[in-house]
Amino acid sequence: MLASGDRAAFEAIYRKHNAAMVRFATGILRSRASAEEVTQDAWVSVLKNIGGFEGRSSLAGWIFTIVLNKARTRAGRDGRSVSFDGAGEDDNLAAAFDGRGRWKDMPELWEEITAERIIAGRSVLHHVTAAIETLPPAQRSVLVLRGQQGLEADEVCAILGITEGNMRVLLHRARLTVRAAVDGLA
């Protein structure tokens, strides 16, 4: 439908992916203004090239690959470099997560969320969003693509050019940082 120029199809896809595309690009560029420009350029490319989309990956995977390429080009032009290397210590990943990547123990605060707490400005979503904003680009990219957009692990790996093991480490580290931010609220 999108390939035939269906405006409603484009609007639906735009509403579904635009905010995540900006977050994804911001993680790479560290500038919301630059990320918004890159995202606009990506949408133009999507519209120009939708006829060439062959369906070998999901539409979202194809769109985020375009965003990544445009963000990397922009980062290179702006004199920045982005590494998706997961080297480093394990940050107690095994202690925090089970074998399927889920938390072994939920953060304590999650059991104590009340309307009063939210009204008092202790919104968990605000704190989670702030924690995501502080993540290194590689962790943030994996978290947005895998956790927020729900892309399959192989698609995330293909988009970012990393191994599945590296992707899992980056995702776990991102989750640990977010969890620490939420636990720190209690």
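Predicted model: local features only at pLDDT ≥ 70, side-chain atom pairs only at ≥ 80, totals over all residues.

Colleague: How many helices and strands does the protein have?

Modeller: The protein has 9 helices and 0 strands. Both are DSSP runs numbered from the N terminus: helices are H or I runs of at least four residues, and strands are E runs of at least two. Along the sequence the pattern is α-α-α-α-α-α-α-α-α.

Colleague: And how much of the protein is buried?

Modeller: Of its 186 residues, 43% count as buried. Buried means under 20% relative accessible area, exposed means over 50%, and partly exposed lies in between, with a 1.4 Å probe and protein chains only.

Colleague: Which residues touch the most other members of the largest nonpolar core?

Modeller: They are Phe-24, Val-142, Leu-145, Ile-159 and Leu-160, in a core of 48 residues. H1, H2, H3, H6, H7, H8 and H9 each supply at least two residues of this core. A nonpolar core here is a set of buried Ala, Val, Leu, Ile, Met, Phe, Trp, Tyr and Cys residues joined through side-chain atoms within 4.5 Å.

Colleague: You listed Ile-159 there. What is Ile-159 in contact with?

Modeller: Contact means heavy atoms within 4.5 Å. Leaving aside neighbours within four places in sequence, Ile-159 is in contact with Phe-24, Gly-61, Phe-64, Thr-65, Leu-68, Leu-145 and Leu-151.

Colleague: Gly-61 is on that list. Where is Gly-61 found, and is it buried or exposed?

Modeller: Gly-61 is in helix H3, and it counts as buried because its relative accessibility is 2%. Not counting residues up to four places away in sequence, Gly-61 touches Leu-151, Glu-155 and Ile-159. Gly-61 and Gln-149 are 88 residues apart in sequence, yet 9.4 Å apart in space, C-alpha to C-alpha.

Colleague: At what angle do H3 and H8 pack?

Modeller: Helix H3 (residues 59-77) and helix H8 (residues 153-160) pack at about 25°, with their axes 9 Å apart. The axes are lines fitted to C-alpha atoms over the stretch in contact, and angles run from 0 to 180 degrees between N-to-C directions. H3 and H8 are therefore roughly parallel to each other. Angles under 35 degrees count as roughly parallel, over 145 as roughly antiparallel, 65 to 115 as roughly perpendicular and the rest as oblique.

Colleague: Which residues meet in H3 and H8?

Modeller: In H3 they are Gly-61, Phe-64, Thr-65, Leu-68 and Arg-72, and in H8 they are Glu-155, Ile-159 and Leu-160. The residues of this contact divide into 4 nonpolar, 2 polar and 2 charged. Ala, Val, Leu, Ile, Met, Phe, Trp, Tyr, Cys and Pro count as nonpolar, Asp, Glu, Lys and Arg as charged, and the others, Gly among them, as polar.

Colleague: How do H2 and H3 pack?

Modeller: Their axes are 9 Å apart, at an angle of about 130°. That makes H2 oblique to H3. The residues of their contact comprise 9 nonpolar, 3 polar and 4 charged.

Colleague: Now H7: what covers its buried residues?

Modeller: The cover includes helix H1 (7-29), H3, helix H6 (124-133), H8 and helix H9 (164-183). Among the buried residues of H7 are Ala-138, Ser-141, Val-142 and Leu-145. The axes of H7 and H8 come within 10 Å and cross at roughly 145°. H7 is followed by Gly-150, which has a positive phi near 70°.

Colleague: What is phi of Arg-30?

Modeller: Phi of Arg-30 is near 60°, a positive value in a residue other than glycine. Most residues other than glycine have a negative phi. Arg-30 lies in the loop between H1 and H2, and it counts as partly exposed because its relative accessibility is 41%.

Colleague: Last one: which residues is Val-128 in contact with?

Modeller: Leaving aside neighbours within four places in sequence, Val-128 is in contact with Val-178 and Val-182. Val-128 lies in helix H6 and is buried, with a relative accessible area of 17%. Val-128 and Val-178 are 50 residues apart in sequence and 6.0 Å apart in space, C-alpha to C-alpha.

Technical notes
Residues numbered from 1 in each chain as written. Heavy atoms only, no water.
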